[in-house]
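Q: I would like to learn how to read a structure like this one. Please take me through its features one at a time.

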Amino acid sequence: ITLGGTLSGTSSVTSVTAVGNNYTVLIDVPDAGNGTLNISVGTGIVDGSGNAYAGGTSGNYTIDNTAPVAPTVGGISSGTFNTNQTFTITSEGGASIEYSVDNGSNWLAYSVGVVLSAEGTYEVLGRATDSLGNGPGSSSTLITVEIDKTLPTATITRDDASPTNADVVHYSVDFDEDVTGFTTGDISVTEDLAGTVGVALSGGPRNYTVTLTPSSGSDNGTISIDVGTGIVDAGNNAYAGGTSPSYVINNTAPTVALTYSSNPTKAGVMTITATYSSAMVGTPNITINQQGTSDISGVAMSGGATVWTYDYTVVSESSPTYLDGVATVSLSTIADASSNNAQAPTNTSFTIDTKVPTATITLDDSTPTNADTVNFSVDFNEAVTGFTTGDITLGGTLSGTSSVTSVTDEGGNAYTV
């Protein structure tokens, strides 16, 4: 027996076994060999009569120990998509094909196109085993597909306090995933301020800052933004749009008016009240400068929001510490929630008068007299109020019944009884 063909490696004839006129030739071929193999039978073979065999050559065996090349995955490419993706796999004829969507951790038999529909990331490979069982061969080139059908969402929040008197305010626009296409053209400003509002955008691709600059820095009103739909994620899913909370812009300085429980005031406790035009942040301190040397300086008032009070004890005149006269009041500067400082207070003085009024009482008519009426002059040393007939008590030894007919204000602190 002579071996022929193109088979690589070394082959050898292992045995020739006869069954009657039929012989089986067993050839040992190399495990990794590839090519063709045939045998030629020579002439040294005779029958029972001594006739020699003329020789002959067999047909070829094809020996194939090579696994298929990597199959071709078609219909998809690496990327992120918001629709189903379908891939196919082709290999050499008769091969059985497998595919993996997790980069080779698990393999499934392939028969027809595979649809990727559920959201997630797929790492697609293909491999094949030929009809002789060679394989599986090498895998195809990895293709990574992400299915993303979910619209991006965003949270829009104020970065600054509101209300505010700031010249510039900011918003944070925080998406739940990276996005593209977000520009100032996607931002609409709603406001009732004078002038225009400048819009600037920074950050990305997930967290952005919107800066608004009103051209009128002294106006009052509200301002907010709407973010439009021209923004997409990696899967081309468009943002549905959103609206921010509003900023309240307040540039008006609060006013404050001082009032007094009595003015002029006598010795004792009086209440000084400071009433602001809007709620304040912080506590005002009061300073009282009276004519003597003992003053009140920077003492906290009581109250809250718009109304604050201080109980001031007026002490009877005692030079030089306490003197009657005009006392002045001032308040420390505090601001409202927008950081606007209050204006200077109005009605900042009151009068202290702790001296008891005196009066000179004189007869206006001659005495003795037999007149039916007599008059007294009562002259006070300062202006008084509340002087009526009820304040007069008659005395003396006059018989019969006398009565006070009238008390007349003559002006200049003078009265006639």
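Predicted model: local features only at pLDDT ≥ 70, side-chain atom pairs only at ≥ 80, totals over all residues.

Q: How many bridges join β18 to β19?
A: Strands of a sheet pair through backbone hydrogen bonds, either parallel or antiparallel. Here strands (E, at least two residues) are DSSP runs, numbered from the N terminus, and two of them pair if DSSP finds at least two bridges between them. β18 is joined to β19 (residues 207–214) by 7 bridges, and the two run antiparallel.

Q: In what order do the strands of that sheet stand?
A: The order is β15-β16-β19-β18, 4 strands in an open sheet with antiparallel pairing. β15 (154–158) and β18 (197–203) are the edge strands, each pairing on one side only. On average, neighbouring strands in this sheet are turned by 20 degrees against each other, direction ignored. For such angles, axes are lines fitted to C-alpha atoms, and the angles run from 0 to 180 degrees between N-to-C directions.

Q: What does β13 pair with?
A: Strand β10 (residues 96–100) is joined to β13 by 5 bridges, running antiparallel. Tyr99 has Gly126 in β13 as its bridge partner. β13 also pairs with β14, in the antiparallel sense, over 5 bridges, and there the partner of Gly120 is Ile147 in β14.

Q: Is β13 mostly covered or mostly open?
A: β13 is mostly covered, as 7 of its 10 residues are buried. Buried means under 20% relative accessible area, exposed over 50%, and partly exposed in between (1.4 Å probe, protein chains only).

Q: Where does Asn134 lie, and what does it touch?
A: Asn134 is in the loop between β13 (120–129) and β14 (143–147). Asn134 is buried, with a relative accessible area of 11%. Leaving out residues up to four places away in sequence, Asn134 touches Asp64, Asn65, Thr66, Ala67, Pro68, Ala128 and Thr129; contact means heavy atoms within 4.5 Å. A polar atom of the Asn134 side chain lies 2.9 Å from the backbone oxygen of Asp64.

Q: How many cavities of 30 Å³ or more does the structure hold?
A: Rolling a probe the size of a water molecule over the atoms shows where empty space is left. On a 1 Å grid over the protein atoms alone, a cavity is a set of points where a 1.4 Å probe fits but cannot get out; lining residues have an atom within 4 Å of a point. The structure holds 2 cavities of 30 Å³ or more. The largest cavity has about 40 Å³ of space, and its lining includes Ala166, Asp167 and Leu193.

Note on methods:
Residues numbered from 1 in each chain as written. Heavy atoms only, no water. Polar contact = N/O pair within 3.5 Å; in protein donor to acceptor, adjacent residues only side chain to side chain. 1 Å grid on protein atoms, 1.4 Å probe; cavity = no way out; pocket = protein on both sides within 12 Å on 5 of 7 lines; lining within 4 Å. Points joined across faces, edges and corners; volume = space filled by probe spheres on them.
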